[in-house]
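Look at the chain shown below and follow it from one end to the other. The paragraphs after it go from the whole chain to a single residue.

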Amino acid sequence: MVLLGVGYFAYLLVFARLTPVERNRVLVMAALVAASVTFWAGYEQTGASMNLFAERYTERHIFGWNMPAAWLQSVNPLFIIAFAPVLAALWISLGKRGRDLNAAAKFGAGLLLLGLGFIVMYFASQYVLAGQTVSPAWLVLAYLLHTFGELCLSPVGLSYMSKLAPPRFVGQVMGMWFLSMALGSNLAGQLSGQYDASHLESLPGLFLKIFCYGAIGGAGMLLLTPFVKRMMAGVR
């Protein structure tokens, strides 16, 4: 999948006979795809390491009823429904004032929020190492941060990819966007595979590693913001 993505962007840059402006936009798209892969590699821990955490280390007994661990995964869709209109209204309001954030800034914010969610999980896992089970509130807070990150990155990413793509390559570029999500999901499984159930101390290390990926990726995207704005050549 990585080779397919790199090869496609190389084709656009070298063989597609694009104008200089279009080539600059292709470079922006490549950066957005890389950020997307990083984000989904962490975000999709929802069904992997975070679900294992919910099942094994979270107190789920409520008035004599044992809540299934998988039910906690429904928190994210509920947050999406609740907060998507809020974020949409925010982007529209900023746009009307000429203060809307560009693609790199929104992606950077999404990655940083992802990282913050895993810092929450890192501290929760420290209690687990001490032999305790933890409140579901830790997971709910992490999912809330991840939801805000998703709302900063996912819908706006799809929009930006369609705007930045050369007109004759829009359909293929949409495919590349979804390829980034597939690659991120694949990496999510590989990362969660690094958690060894027989060595509980590997759990905080996993969450801290994903935090670092999100923090470094988010900071990098924010630093690139002025360059990306110029290379987008008027695309908003």
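In what order do the elements of the protein chain run from the N terminus on? The order in this predicted model is α-α-α-β-β-α-α-α-α-α-α. Counted by type, the secondary structure comes to nine helices and two strands. The radius of gyration of the protein chain is 19 Å, close to the 18 Å given by the globule rule for 236 residues, so the chain is as compact as a globular protein of that length. Along the principal axes, the C-alpha atoms fill a box of roughly 65 × 40 × 30 Å.

Next comes the way the chain packs. Of contacts between residues at least 6 apart in sequence, 80% join residues at least 24 apart. Buried residues account for 44% of the 236 residues.

The surface can be described by area and by charge. The protein chain exposes about 11500 Å², and 68% of this is supplied by carbon and sulfur atoms. There are 15 positive and 8 negative side chains, with the centres of the two sets 21 Å apart.

One residue can now be taken as an example. S36 is found in helix α2, which covers residues 20-43. Is S36 buried or exposed? S36 counts as buried because its relative accessibility is 0%, and the cut-off for buried is under 20%. Leaving aside neighbours within four places in sequence, S36 is in contact with W177, S180 and M181. With S180 there is also a polar contact of 2.8 Å, which joins the side chains of S36 and S180.

Methods
Residues numbered from 1 in each chain as written. Predicted model: local features only at pLDDT ≥ 70, side-chain atom pairs only at ≥ 80, totals over all residues. Heavy atoms only, no water. Helix = DSSP H or I, 4+ residues; strand = E, 2+ residues; numbered from the N terminus. Buried < 20%, exposed > 50% of the residue type's maximum accessible area, 1.4 Å probe, protein only. Polar contact = N/O pair within 3.5 Å; in protein donor to acceptor, adjacent residues only side chain to side chain. Contact = heavy atoms within 4.5 Å. Rg over C-alpha atoms; globule rule 2.2 N^0.38 Å. Areas by Shrake-Rupley, 256 points an atom, 1.4 Å probe, with all protein chains shown as cover. Lys, Arg positive; Asp, Glu negative; His and termini not counted. Charge placed at Lys NZ, Arg CZ, Asp CG, Glu CD.
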